[in-house]
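Me: Please take a close look at one part of this model, the space left between its atoms. I would like one connected account of what surrounds that space.

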Amino acid sequence: MSAGDDPRHYAQLLSAVYDAAMAGEKMPARPRSVISESWDRVLTAGVDPDVGALDDGLDVSELEARRLDSGLSVVLEDLTRGLESVIADGDNILVVADANGRVLWRSGAPRVLQRADRLGFVEGADWGENTVGTNAIGTALMSRRAVQVFSAEHFVRTHHSWTCAGAPIRDPRTGAVLGVVDVSGPAATIHPTTVALVDVVAKLAESQLRDHHRRSLDQLRSVAAPMLARLAGPALAVDNDGWVAALDGITPRTRLTLPRQTAPGRTMLHSLGECDLEPLPGGWLVRIAEAESHSPGTVIDLDLRDPRNPSITVSGGAGRWTMQPSPRHTEILTLLARHPAGRSAAQMSEHLFGVGDRTITVRAEMSRLRKHLGGLLAANPYRFADGVQVHVGAD
């Protein structure tokens, strides 16, 4: 069964197929396999075809945290540029959702956004299959391929006036699905080839993610290279996921498996044996441990003498590096330095914002900090990692 050249007739046929399927009667045609498989999953999940499932949505701070954690913000501009021709006429909206089907961003003309609002197709909403049934976002996530869902192929009846085309965006480093890019609109406005365009744009975004990772490794290498040159023994620099940026005296490799909870100090690595780990901005310096030697300590100097130009200097056995934190991150680091036992998210919220309920915002800020300072920071409660010496200079 395909759309052919008569979308209106096709929509009528789909409606008859849907009604028969929901009533358990003989269908006048077979739905596409990707749709029938989705309907089976949704029926098993118990989704109501009339209203879907309840969804509480997300508040603004939690939505921002999800956007940060998704890894998709770096390609948002590329996704928008690649699909601007599809939404330029004002009939369709562009949506980017995370790996759980949560809508992170959407854009389009006010009139089509208002129609989407009536469906609950808003930022923060859950459009996974278990919530709203068969749709291009949830079904692309489950099938792990680009998919177009036309009219009554949607499981929930209120969505039958819409058509959506979605394609998964994969992390080029691991193959894991990061989210979905989707174009949706009234059923009569989306061309059958839209799904191919959406899929191409998703693959271009994956290419941009690959380039972004390469640039981050280049930045890490620029910091690590002088340190590696000064070391007498074998060592390598890796990012927080273990991807190798530079090495010296070690058999070439692409990736190193790091412990789930990586922290400064001595640890056993499966492929290298005992190693000393020192934090780098966005990664780690890994040195093969020498017999009878001690793991070098890590010292953080937080320089607050010039409030307009604070700095952090991190020193270890292999050298030192400096970064300039934002005012908010300076405030957080100062707070943690003055409370070595740690602060809960609620306590940090109270200190930073004067109220204790902005914990999602605190977690988002800590996530940003950890991208630079990695294992120097621990959680539950938030604190500097064990063994890290912190000096605060304000004079």
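Reply: In the second largest cavity, the lining comprises five nonpolar residues, four polar ones and one charged residue (nonpolar: Ala, Val, Leu, Ile, Met, Phe, Trp, Tyr, Cys and Pro; charged: Asp, Glu, Lys and Arg; polar: the others, Gly among them). The model is predicted: local features need pLDDT of at least 70 and side-chain atom pairs pLDDT 80 or more, while totals for chains, interfaces and linings use all residues. Residues are numbered from 1 along each chain as its sequence is written, and side-chain values use heavy atoms, without hydrogens and water.

This second largest cavity holds about 40 Å³ of space. Its lining is made up of M227, E278, P279, L280, T298, V314, S315, G316, G319 and W321. Two or more of these residues come from each of β9 (273-280), β12 (311-316) and β13 (strands are DSSP E runs of at least two residues, helices H or I runs of at least four, numbered from the N terminus). On a 1 Å grid over the protein atoms alone, a cavity is a set of points where a 1.4 Å probe fits but cannot get out, and lining residues have an atom within 4 Å of a point. Volume is the space filled by probe spheres on the points, which are joined across faces, edges and corners.

In total, the structure contains three cavities of 30 Å³ or more. The largest cavity has a volume of about 80 Å³. It is lined by L119, F121, W127, N135, A136, I137, H154, H159, W162, C164, D182 and S184. Here α7 (136-143), β4 (162-170) and β5 (177-186) are the elements that contribute two or more residues. By class, seven residues of this lining are nonpolar, four are polar and one is charged.

Two or more lining residues are supplied by each of α3 (60-70), α8 (194-230), β13 (319-323), α11 (359-373) and β14 (377-378). The largest share, eight residues, belongs to α8. The lining of the largest pocket divides into 21 nonpolar, 16 polar and 11 charged residues.

Definitions and conventions:
1 Å grid on protein atoms, 1.4 Å probe; cavity = no way out; pocket = protein on both sides within 12 Å on 5 of 7 lines; lining within 4 Å.
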